[in-house]
Amino acid sequence: MNTLYQQHIATLMQRYENAMVHFKLEAIVIASGHKTYYFQDDHSHPFHGYSGAQQWLPFDIGADTFLIIQPGQKPTLVWPIRDDFWHAPNPIPEGEWQNNWHIEPARRDDKWFQNLPKQSAWLGPKSDLEKRDITSCDGLNAYVDFAKAVKTPFEIQALQQASQSAVHGHLAAKQAFLEGKSELDIHLAFLSASQQTSAQEPYPGIVGLNEHAAVLHYEHKAINALPNSRTLLIDAGANCHGYASDITRTYTRHQDDFSALITGLDTLEQSLCQQATTGVAFRDLHQSCLVDVAQLLKDHKICSLGIEEQLEKRIPQVFFPHGLGHLLGLQVHDVGGHQIDSSGQLSMPDDHAPFLRLTRTLEEDMIITIEPGLYFIPMLIEKMQAEVAHHGCDLERIQHFMPFGGIRIEDNLQIKSESSINLTRQAFQALE
């Protein structure tokens, strides 16, 4: 890891030195952020450090940590000293990573910022320190966010490890489902096998049985086991050094027409993964997915209309209402997905894909998700019936599928020019 980390730091230094030249800065201060607290309570929310600070360090960053980046110098890590007998000590992690840093322990009231150059800029959550001659720089955030989409080998290794941890959890969750366990017990099986607490998950894991699989961001974990759990949709990931995996699988118990639908969507998803290579516009890939979903609806006798007529009437969006995928990295929905360039200009999704989180052209070593879905959502089906004349959908067949909820299959890809690397499938193949 040390060689990859050294290369990673060198890449970040080059990106930030370019930013300082562009914005005529002498230093950039990056803040991890402070803990926040529940209203009228002394219990804090789970802490997630600002991704721009986390990106520099090979361990999970804590609150009240600051980085100082200056051209031609080792970066400085301002490490918080806590005079606190209520909580565990906060030692500086050991390791060779320290050779790349100046480490400056500081208490909250220390005046470490007084020696900063005059032309210094602030990145990260706002703080009272920003009032002390450290100001925001318009455009700096967008400048560094744009570059985050392309990952260094160190970042890719972390994402691979996050995928492996999550897949351990997914396999345990599948087994718990087949044993007839509740949503809560399935989630606990995932957490145990992936070796994390719920607070450490990169996002709250989605564990939906039966009709709950049709709720895209289903947030509950039912305690009681169901007498007939037909479907499991689990969307859950893991962290490594702050880098997230984001994996979804859908399982059913029987070889029937719903399992055939899962197989069809899995084939569709793998085809889209093969198409996702350097130079492909992600908007075009999403449009290809809509065509494929229309074909799936026709092949499985859910909609009798031809592909073109389905697209014209927006039938695929009834069953696949979200975007095909997003950038992945330090955040599950990584920043910069709509940026055209480092200046911060945006290319927003249109009415045909209003929830598309990625509108960029794919570049080498971007990490993205590919996550087509097919759901039987009562609200959207009722809306189609009310608003779309001659929709061609077999409502009896849809009613047959509704108790199964829906399907989503999601892989994490490292983009390459010839054939992208499927981090998720690699992890499953290694463990199954």
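Guide: The side chains of E410 and T248 are joined by a polar contact of 2.6 Å. A polar contact is a pair of N or O atoms within 3.5 Å; within protein, one must be able to donate a hydrogen and the other to accept it, and residues adjacent in sequence count only if both atoms are side-chain atoms. This is a predicted model, where local features need pLDDT of at least 70, side-chain atom pairs count only at pLDDT 80 or more, and totals for chains, interfaces and linings use all residues. Residues are numbered from 1 along each chain as its sequence is written, and side-chain values use heavy atoms, with hydrogens and water left out.

Visitor: Is E410 buried or exposed?
Guide: E410 is buried, with a relative accessible area of 0%. Buried means under 20% relative accessible area, exposed over 50%, and partly exposed in between (1.4 Å probe, protein chains only).

Visitor: Which residues does the UniProt annotation "binding site" cover?
Guide: In an unreviewed entry, that annotation covers D246, H326, E371 and E410. They are spread over 165 residues of sequence but cluster in space, with a largest C-alpha distance of 10.8 Å. UniProt positions are given in the numbering used here, feature names are shortened, and annotations may be inferred rather than shown by experiment.

Visitor: What about D246, buried or exposed?
Guide: D246 is buried, with a relative accessible area of 3%.

Visitor: And which side chain does D246 join by a polar contact of 2.8 Å?
Guide: That partner is the side chain of Y203.
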